[in-house]
Amino acid sequence: MTPPASGGPGWQPAGDAERQNRPGWEPDPDAEPQDRPSWLRQPPPAQPPPGPGSPAGLQPRGWTPTPPPPEGPRRRRVGPQAAGLILLLVVGLAMSGLVFANRRDPPAPAASATTAGPPPTRAPAAQTPSTPAPAATPTTAAVRAVQHAVAELRGLRFERQVPVTVESPHKLAKRLVRVLDQETDEARLRRQGQAMELLGELPPGTDLPALMERVQAESVLGFYLPGKPPKGGLYVRSSRGLDPYTRIILAHELTHAVTDQRYDLTRADRLAAADAREDELAAYSGLVEGDATLLMQRYLAERLTPAEQANAGLAAATDRTPQRDAAPAVVRESMLFPYQEGLQFVRTLYQQGGWAAVNRAYQNPPTSTEQLLHPERYLGTRDRPQSVPVPDLSGRLGGGWRPSAELSFGELDARLLLQGELAVTTAEAAAAGWDGGRLRTFQRGKSTALILRTVWDSSAEATQFCDAMTGWATGRFGSTTRTASTLRWSSPTQHTALSCRGPRVAWLSASDRPTLDRLTKAIPTP
């Protein structure tokens, strides 16, 4: 049974008296602790969105000034213990995320993806599921209670029932592996892994599909598959029924379900099936996961007592993830990005216009990790990425060469690449001027050639990135040599070159010097 919509017939908001009667309830301190990352702090109440007199850049096309949804009674603040729990949950959920970027088969396009306005609310009769509802159990009642809370907190009604499966860790891991086997294009993922090896982000010989499967199966807390039944589904892990820890995870996944019903999350599938749209997919995933993480934070703070929060914290602390802990930094950081940076992005939207502002973002989502990392480049004058062509150069390299991987290369990629050898702050500063990028590899037997082209907001920012890349390459390969147009480094198995021309930067790699020379001559001119 779908819970009554927030504010609709039969819905009753939880008042202060009801909360205070719950076991273990304690009044909250007035001040919020500041000894934790800013992205974990409780969001302040949403401010009214900018009106007609606000700066023009803060009103996206099609934006209508509407007040944020009512917030209800004053909520409890997230204390240090709860904030630590949120961090554990974010990391756990990130590592259990699906590999959307390497789908095997392109899905059929969904008509709702091009709808300019919000999807219409369906009539009540359309909410009836096509299969009989299961017999009522304590678990199904608890699922309905969490679903009701999500609908109330998020301000969206569920248009249809969501099939929820609660399984043991072992069963859920096996289910996830089956989904990954069906959804992942292993050949495409292996080509991506080869490119990451040449960039020094993965150890030589890394089996990226196997690595991702191990990390995700070990870490999975829950996942949601977008789409209408029988395609869609929601799965959470628990050996203890719907205890507080599991209810928090369920709230996160149910947020995906309700936004999928309203805004069609299968957009991620279409981005994943397209060529060189990985950076846009990461940005869209940041919106989706940031939304669910903010809701999860509110559910934890407003719907669990301190005793329940402590119970959930103990459950989270027992998880052991040796595969995740041993994974290369680029894998861990890439999986964490949509949750951590996505939360900051969605918090910015929420603070400006409540859930209505978050909802509008689904109509016109961010298209680059640059926009997610710098919300002002999304909310103000939109900083859209430049197209960076990298043609098929295999014919210029000699006989036997063929195209292999083709990937986008965003600001997040630039950050993670530089962090392999440089300080995080240096990498972030050098990557901040990104304005577009693409990577291609070419294969001949066991030999791989790579070209990475980027464009920057200005020649000065391109120079900053070039300087950072010089330090990065020197850290990897040692001393450099200079030619008329490039800086070069080499190792026994790899020859590389860096070319900087105005606002454009190219990084080249080949297994031998003659191939690198041919690749350098084939670089497209601006």
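Me: T486 first: buried or exposed?
Reply: Buried. This is a predicted model, and in it T486 has a relative accessible area of 3%. That falls under the 20% cut-off, so T486 counts as buried.

Me: Where is T486 placed?
Reply: In the loop between β7 (481–482) and β8 (487–491).

Me: And which side chains does the side chain of T486 make polar contacts with?
Reply: One is the side chain of T483, at 2.7 Å. Another polar contact, of 3.4 Å, joins the side chains of T486 and R488.

Me: S499, ok. What stands opposite S499?
Reply: A506, in β10. Strand β9 (residues 494–501) pairs with strand β10 (residues 504–510) in the antiparallel sense, over 7 bridges.

Me: What's the strand order in the sheet?
Reply: β4-β5-β6-β10-β9-β8-β7, an open sheet of 7 strands with antiparallel pairing.

Me: Switching to aromatics. How many pairs turn up in the whole structure?
Reply: A search finds 7 aromatic pairs. One of them is Y263 with Y362: the ring centres are 5.2 Å apart and the planes are at 10°, so this pair is stacked.

Me: Which parts of the chain does that pair link?
Reply: Distant ones: Y263 is in helix α7 (residues 244–263) and Y362 in helix α12 (residues 329–363), 99 residues apart. Both Y263 and Y362 are buried.

Me: How are the rings of W472 and W507 arranged?
Reply: Edge-to-face, because their planes are at 75°, with the centres 5.1 Å apart. W472 sits in helix α18 and W507 in strand β10, 35 residues apart. W472 is buried at a relative accessible area of 1%, and W507 counts as buried at 1% too.

Me: Which residues make up the aromatic cluster there?
Reply: W472, W489 and W507 form one cluster.

Me: Back to helix α18, then. What does R476 contact?
Reply: R476 lies in that helix, residues 459–477. Neighbours within four places aside, R476 is in contact with E197, L198, L199, G200, E421 and Q494. R476 is partly exposed, with a relative accessible area of 26%.

Me: Last one: what does R267 lie over?
Reply: The face of Y284, at 5.5 Å from the ring centre.

Conventions. Residues are numbered from 1 along each chain as its sequence is written. This is a predicted model: local features need pLDDT of at least 70, side-chain atom pairs count only at pLDDT 80 or more; totals for chains, interfaces and linings use all residues. Side-chain values use heavy atoms; hydrogens and water are left out. Helices (H or I, at least four residues) and strands (E, at least two) are DSSP runs, numbered from the N terminus. Buried means under 20% relative accessible area, exposed over 50%, partly exposed in between (1.4 Å probe, protein chains only). A polar contact is a pair of N or O atoms within 3.5 Å; within protein, one must be able to donate a hydrogen and the other to accept it, and residues adjacent in sequence count only if both atoms are side-chain atoms. Contact means heavy atoms within 4.5 Å. Two strands pair if DSSP finds at least two bridges between them. Rings of Phe, Tyr and Trp (its six-membered ring) pair if their centres lie within 6.5 Å; planes under 30 degrees apart count as stacked, over 60 as edge-to-face and the rest as tilted. A charge sits over a ring if NZ of Lys or CZ of Arg is within 6 Å of the ring centre and within 35 degrees of the ring normal.
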